[in-house]
Amino acid sequence: MNELIIPYLLTVVFVSFVINLVIALYGIFARPTLVKKIIALTIFSDSLNSLAIFVGYRVVSGRVPAPPVVVNYTSPQGPAQLAKVAVDPLPQALVLTAIVIGLAVTLFMVKVTMQVHRVYGTTSVRKLERIEYVNKEEKSEGVVE
Amino acid sequence: MIDLIAALLMAVAAVTSIVFTYLAVVEKNLVQAVVFSAVQSTMYALIYFLLMAPDIVLVYLPVGVGIYPAIVLLLIKKTDKVDE
């Protein structure tokens with residue numbers, strides 16, 4: 001019976017990640033505030049990372065798969081025994097890097113949003129597109145004349 | 001039996017994360033939206049643990065629940081509080 005239920009539950013997990021991707025894309029494109037766009041973008045990147053880890057998962061019958069950590073490294077059969085029961089370590093190594101890079105990109109976007117609010121007084125893109133650009137030099141020349 | 005329980009917990013955490021993602025996207029109050037996003041990150045950390053990625057959990061839990069909400073709350077404090 002487990003052979004039928006476990007793939008069904010894993011399919012539920014996969015579909016949940018895809019639904020999260022769609023909701024986060026809606027948040028990025030349809031919500032006006034830049035802060036809400038940043039929150040949705042972090043959810044989007046986390047969902048993509050989750051999909052990458054999910055690709056490396058495998059089902060071992062009768063037990064949970066082992067994490068990809070070589071414990072019995074003194075014996076030559078140790079890595080071979082681990083490879084029969086462990087999940088794929090490559091997506092995990094890639095995602096570890098992607099999380100740290102995503103943190104740096106988010107910090108940059110936060111700084112840019114702060115600067116936008118400092119210059120224009122709003123973070124809503126619907127208000128930002130109505131603001132007319134005023135060149136400071138032309139304005140000061142007008143005052144001199 | 002243990003693999004069935006792990007898959008069941010994974011599915012429950014994944015469906016819960018959908019609810020909190022939806023709440024985080026549609027919520028007008030940005031502070032509450034950040035809190036919903038942090039809860040969704042906790043669900044993802046549980047899924048990573050059940051997907052046998054303990055090293056990802058050790059990195060993602062401080063980043064997703066600690067640093068992301070902290071810097072976004074700092075941003076909200078300096079800018080608008082409410083989504084238009």
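Modeller: Two residues are in contact if their C-beta atoms, placed from the backbone, lie within 7 Å. This is a predicted model, in which local features need pLDDT of at least 70 and side-chain atom pairs count only at pLDDT 80 or more, while totals for chains, interfaces and linings use all residues. Residues are numbered from 1 along each chain as its sequence is written, and chains are lettered from A and ligands numbered from 1 in the order in which they are written.

Biologist: What covers the buried residues of α1(A)?

Modeller: Helices are DSSP runs of H or I with at least four residues, numbered from the N terminus. The buried residues (20 or more other C-beta atoms within 10 Å of their own) include A:F17 and A:I23. Their cover includes α2 of chain A, together with α1 (2-26) and α2 (30-50) of chain B.

Biologist: How are α2(A) and α3(B) oriented to each other?

Modeller: The axes, lines fitted to C-alpha atoms over the stretch in contact, with angles from 0 to 180 degrees between N-to-C directions, come within 11 Å and cross at roughly 170 degrees. Angles over 145 degrees count as roughly antiparallel. α2(A) and α3(B) are therefore roughly antiparallel.

Biologist: Which helix gives the largest share of the side of chain B that touches chain A?

Modeller: The contact takes 46 residues from chain B and 50 residues from chain A. On the chain B side, α1, α2 and α3 each supply at least two residues. The largest share, 16 residues, comes from α1(B).

Technical notes: Parallel < 35°, antiparallel > 145°, perpendicular 65-115°, else oblique. Buried ≥ 20, exposed ≤ 12 C-beta atoms within 10 Å, placed from the backbone.
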